[in-house]
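Subject: Model handover and findings

Hello,

Please find the model below. My notes on it follow.

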Protein chains: 6
Amino acid sequence: MGITKYFEEFKLNEKRQTGGRTVTETDIVIHAGQSGDFFPHHMDEEWCKTQPFKKRIAHGTLIFTIAVGLTAHVINEVSMTYGYDRLRFIKPVFIGDTIKATVTISNIKDHKKPGFGLVTELVEVFNQHGELVMVCEHVLLVHKKES
Amino acid sequence: MGITKYFEEFKLNEKRQTGGRTVTETDIVIHAGQSGDFFPHHMDEEWCKTQPFKKRIAHGTLIFTIAVGLTAHVINEVSMTYGYDRLRFIKPVFIGDTIKATVTISNIKDHKKPGFGLVTELVEVFNQHGELVMVCEHVLLVHKKES
Amino acid sequence: MGITKYFEEFKLNEKRQTGGRTVTETDIVIHAGQSGDFFPHHMDEEWCKTQPFKKRIAHGTLIFTIAVGLTAHVINEVSMTYGYDRLRFIKPVFIGDTIKATVTISNIKDHKKPGFGLVTELVEVFNQHGELVMVCEHVLLVHKKES
Amino acid sequence: MGITKYFEEFKLNEKRQTGGRTVTETDIVIHAGQSGDFFPHHMDEEWCKTQPFKKRIAHGTLIFTIAVGLTAHVINEVSMTYGYDRLRFIKPVFIGDTIKATVTISNIKDHKKPGFGLVTELVEVFNQHGELVMVCEHVLLVHKKES
Amino acid sequence: MGITKYFEEFKLNEKRQTGGRTVTETDIVIHAGQSGDFFPHHMDEEWCKTQPFKKRIAHGTLIFTIAVGLTAHVINEVSMTYGYDRLRFIKPVFIGDTIKATVTISNIKDHKKPGFGLVTELVEVFNQHGELVMVCEHVLLVHKKES
Amino acid sequence: MGITKYFEEFKLNEKRQTGGRTVTETDIVIHAGQSGDFFPHHMDEEWCKTQPFKKRIAHGTLIFTIAVGLTAHVINEVSMTYGYDRLRFIKPVFIGDTIKATVTISNIKDHKKPGFGLVTELVEVFNQHGELVMVCEHVLLVHKKES
């Protein structure tokens, strides 16, 4: 289930595509229950009808959670999450939309901690119309091979 | 349920404290089910015993989700989330830990879109021992009053 | 799966005992997620330590929900719920407590609607120490046989 | 997050309106799982088609749970739930209905326990057509100021 | 809640019919979360459109779980599950389908363990069109009366 | 995410090991809610104390669901589930037990449908003590390469 991919093995602009997942009403209801965020944007269909977006929309944290889940299929045993930068929610995701992510290595640089480097994955999430709905930079702390 | 707080009304270094929430095994199991991330760090107690952290740890996306939920208690009708920057998971959160967040206005600046400004909330999440476990910057796009 | 028990067949003081159910942390977390009630009494173990009851307690609506579920094992096709009276939460229910209910026919009377009568079930919920934790009156609208 | 509102500060006929919430199929499925009530009224669409109400309906305990959750937004630190009276389910709630509650102070009276009084909130739950679907009286035990 | 039905009391070809249950999108999402099986057959509506079955289908383990639940209404205190044989998924079950099961005693034989016999229930699950969607043999180890 | 492994490429006695998963109280509570099986063996800790196994045990369908999920990590695009044979629950699984599965190709044979063969995987599930808790045969219908 795990792989071993060292810092030196990452290549700039390397790209991979995740599988897709349909965002359901169930996901939104469970996410409200997990986050405690019952804002009417997610939970009140009647109120949403009075708003520009017209329909209930998924929580940003739900889209981020699903996106990270879609990208996390294989454990790289010499890498760990350092953090996330520039997380932006570009367009609303509605019930029934299907999202998938493209992951592109967008930056590779040394880290002050000897034996480690930082690899940045640009995560772009698209809906079924090919529209970008979310983007973020996933920064990984990766072991160097020679270390 | 909603308030109206314009850009001009935010003050640098203004601080607020959220309530607390105990992170349960249930939260982790439901989060695995929502994210699709069943990595052994979260789901395999026996494997975790062989690791430096010894016990199952919460998903980063779970802690982020709970933290955002804790901070999101009141709807400001003239503000919306622009994005999140510099999200970092500083220390692992274990089953039974109780987390709460401190929110500090850390930056206020104009936005190129006329009538709007950007307000940054520094979100710091602490466990019951007062240790910082997560930090991020929540950037808000806020209407100006005069607009 | 269904039975047919008419108004005339209910007897005052008739008593039945339900099965038991252990109230788990999972039940409380799911109930918070369903009700939207994330009050610290249910969700913040650290805050609870500072309170007289010391530990997280189950939501009243959770205990009521479980109690009604325990009593509702067989469908009586000529009876429907009219309502509930005098619902009281006598003692807190903690994570790990096991509750069961005793149901006693406490009142039988005519109803203004011809062909119907009202039957009251006294529902008493006990924990594993035999302490009464919840009580309510379940009022049933039941068809008369001759109708 | 908490307020302090003493017995003397409640006024008869004072009224507040909660936010709304759409009752989803997910809520019903999760509630069946929480209550153990899998009666065909809630779970068997084909059977429901043969009944007067034609479609699956929400559990009474689900509507009560959501209603209590909608009303419970702010903790009053000098008040606690004494119980609920006259809970009635007036009309069925269907999947996709949006409910909200009106809370009116309907009774204020002394309590035998010195330093306490009883305040009754009449909770009326309406669907998106303005039809009353549920009603109950929420009785609060509230500290007196002078106590 | 329990009954006592000994080995000698089972009759070949005895048949019973369970209640029905509508398989919802919620059931599939929760089952993915419980099993960890996020295959696109269940989770990706867009991908499913490109497949012969056109729509998301329920997990086999979900249909088996619901079927066993439908058949397990009464505890027979002198019987326990020995195992399941020849479990087959004959047709896909889609979101919104309603399934029910027919249980027929298909085999009765002695067991090498003295005082016990094996009773086989043929479990056939049908959708709302009367099509067989799943079948299995449930083998029970049942006490003999004289033992 | 998918692979293509034809009938001819399976080898008798080929073995693989899945990852592990800790069976939690949450899993049992959610499974009761999904299956509708609230038997006291799974839900009533007090009753269980009076039984030989002393503690709540996981539903058989839960262990089967988790086991199938653990084995289903990669989609083989030329293979589909034909069914399961000889599913047996050998030992109870308790809350906190960690299970993992060994999958061994135990049979390979032609199928009457031209261009297809049947491959049997013996699935053995072990707890953290190395005890066999569940076993079944997973029968796959696999495309032949030359077809």
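Buried here means under 20% relative accessible area, exposed over 50%, and partly exposed in between, with a 1.4 Å probe and protein chains only. By that definition, buried residues make up 57% of the 147 residues in chain A.

Two notes on conventions. This is a predicted model, in which local features need pLDDT of at least 70 and side-chain atom pairs count only at pLDDT 80 or more, while totals for chains, interfaces and linings use all residues. Residues are numbered from 1 along each chain as its sequence is written, chains are lettered from A and ligands numbered from 1 in the order in which they are written, and side-chain values use heavy atoms, with hydrogens and water left out.

Chain A

Helices (H or I, at least four residues) and strands (E, at least two) are DSSP runs, numbered from the N terminus. Chain A has four helices and seven strands, in the order β-β-α-α-α-α-β-β-β-β-β from the N terminus. Its C-alpha atoms fill a box of roughly 60 × 30 × 30 Å along the principal axes. Contact means heavy atoms within 4.5 Å; of the contacts in chain A with a separation of 6 or more, 70% are between residues 24 or more positions apart.

Chains F and C

Chain F is superposed on chain C by a rotation of 120° with 0.0 Å of shift along its axis, at an RMSD of 0.0 Å (least squares on the C-alpha atoms of residues with pLDDT of at least 70 in both). The two copies are therefore related as by a three-fold rotation axis. The C-alpha of F:Thr26 is the one in chain F nearest the axis, 3.2 Å from it.

Ten residues of chain F are in contact with ten residues of chain C. The area buried between the two chains is about 790 Å², and carbon and sulfur atoms give 56% of it; buried area is the accessible area (1.4 Å probe) that two parts lose on being put together, summed over both. F:Val29, F:Met43 and F:Glu46 supply 46% of what chain F buries against chain C, more than any other three residues.

Thr26 in chain B

B:Thr26 lies in helix H1 (residues 25-35) of chain B and is buried, with a relative accessible area of 1%. Leaving aside neighbours within four places in sequence, B:Thr26 is in contact with C:Glu25, C:Thr26, C:Val29 and F:Thr26.

Regards
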